[in-house]
Structures are given as structure tokens and as C-alpha cells.
Amino acid sequence: MAYTLPELPYGYDALEPYIDARTMEIHHTKHHQAYITKVNDALQGTVLEGIDILQVIQRIDELPAEKQTAVRNNGGGHANHSLFWQIMGPKAGGVPAGELAEAINDAFGGFEAFKTEFSNAAATRFGSGWAWLCRHADGEVKICSTPNQDNPLMSGVGCEGIPILGLDVWEHAYYLNYQNRRPDYINAFFSVINWEKVAENYAG
Ligand code: MN
């Protein structure tokens, strides 16, 4: 089965005023759809066709060399955006609770310190990419960032663990509303994080 665009769990205007409806609609229907179309094309007839996208991006080296870049970029794009839509929501923001809150406190010393470090990772990613919060095998959480559409599940990207929260810092994610003000977009993102969903991802 070829991948199809997952529906957003909320309307395009649901994240206003933090993320505007026009950006959300273009981001979802044009950018995410383009990654899906291209990864479907690249996987056609290969051993990884029809497999869960999170498995695919961990097994890119099983593909013919000439397919690997397309699957890395577009399969990564599909996986990354699928997570991104889920970890945002209307009437969200605030702070995490439960085991996730404890893990964040253990790793960073508190929520504000976590926010500062995550924001810094997102702000200092040169060019296009993502900032991540990942769960490691022992339950520890760590922040990292990747270029392009790389995902921490890919090997050799300098990021490890299972991504439970991701922030898209490609210009297409914020330019209509924020232009060059990436730090303002990063700050606004904290008002739309769906911590319940992130906690679900943490619990696995
Ligand atoms: Mn994007």
C-alpha cells in the first residue's frame, strides 16, 4: 500500500494565532503531500515497499544506492511531518505531567531549562532541519537536531533514540507569518505543544 496523507487531527486554523491557517494548509497539503508522492515513487518495486515508514527510514541501506537519497529525504519528510501534526493541538501548550515531566526534570533540571535548550537547538540549526526530544532505552530524554529531513531513527545522523517531540524549522513552516524571525516561531510552538500526545509517545 502506498502512503497517503494523514488527516490533521484539527482544523487548519486551530493553531491560530501561533501558526496561521494558510501556513498549515500549504504545509500539509503541498509540502507533506509532496514527500509522500516522492517516497511512494522511490519505493515502488523495492524490498521496502509497503512497510511502515518508521521501519523504512531505519532500513535505507537495504535499498539500491540510487534510491537511497530520495527515500532519506522524502521518507524522512513523511515520517517527520506525521509526528509533527500529532504533537501539536489547539488549547495546548503548558507543561508536561507524569513520567515525562519527571524525565525532563531529571535530564534538564526543570521545564524552563528544557525549553531554553530545545529552543536553542531549533534556533541554531543552520538552514533547514528539525529539533528533537528523544527517548533513550533507559527512559532518559535528550535533545538533538538534524539537517534536512533526517530523523533520529536513521543511522549516523548524530541523533539517537526514539523521537517523541519534533519541531520543523524549515522556512516553509513559518515564513508567511514570521519571515526571518525563527525564534518567535519557536517560542510560539510552545503554546501549541500537545503534551498529552508527547507523553503517549514517551510511554511508547
Ligand atoms: Mn515541513
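Which elements cover the buried residues of helix 4? Before we get there, a word on what you are looking at. This is a predicted model, in which local features need pLDDT of at least 70 and side-chain atom pairs count only at pLDDT 80 or more, while totals for chains, interfaces and linings use all residues. Residues are numbered from 1 along each chain as its sequence is written, and side-chain values use heavy atoms, with hydrogens and water left out.

Now to helix 4, which spans residues 98-108. Helices (H or I, at least four residues) and strands (E, at least two) are DSSP runs, numbered from the N terminus. Leu 100, Ala 101, Ala 103, Ile 104 and Phe 108 of this helix are buried, where buried means under 20% relative accessible area, exposed means over 50%, and partly exposed lies in between (1.4 Å probe, protein chains only). Seen down the axis, these buried residues fall within an arc of 160°, so they line one face of helix 4; the arc is that of the directions from the helix axis to the C-beta atoms. An α-helix has 3.6 residues a turn, so residues three or four places apart point the same way. On the other side of helix 4 you will find Glu 99, Glu 102 and Asp 106, which are exposed. Here, then, is the answer to the opening question: the cover over the buried residues includes helix 5 (111-124), strand 1 (129-135), strand 2, strand 3 and helix 8 (195-203). Just after helix 4 comes Gly 109, with a positive phi of about 90°.

Another residue of helix 1 is Ala 21. Leaving aside its neighbours within four places in sequence, Ala 21 is in contact with Tyr 12, Asp 13 and Glu 16. The peptide bond from Glu 16 to Pro 17 is cis, with omega near 0°, and Pro 17 is found in the segment before helix 1.

How many disulfides does a search of the whole structure find? The search finds one, a disulfide being a pair of cysteine sulfur atoms within 2.5 Å. It joins Cys 144 to Cys 159, with an S to S distance of 1.8 Å. The pair links distant parts of the chain, 15 residues apart: Cys 144 is in strand 2 (residues 141-147), and Cys 159 is in the loop between strand 2 and strand 3 (162-168). Both of these cysteines are buried. Cys 134, by contrast, is in no disulfide, and the nearest cysteine sulfur, that of Cys 144, is 4.2 Å away. Cys 134 counts as buried because its relative accessibility is 0%.

The loop between strand 2 and strand 3 also contains Asn 148. Phi of Asn 148 is near 55°, a positive value in a residue other than glycine. Asn 148 is partly exposed, with a relative accessible area of 39%. Lys 91, in the loop between helix 3 and helix 4, also has a positive phi, of about 50°, although it is not a glycine. With 89% relative accessibility, Lys 91 counts as exposed.

Technical notes. Contact means heavy atoms within 4.5 Å.
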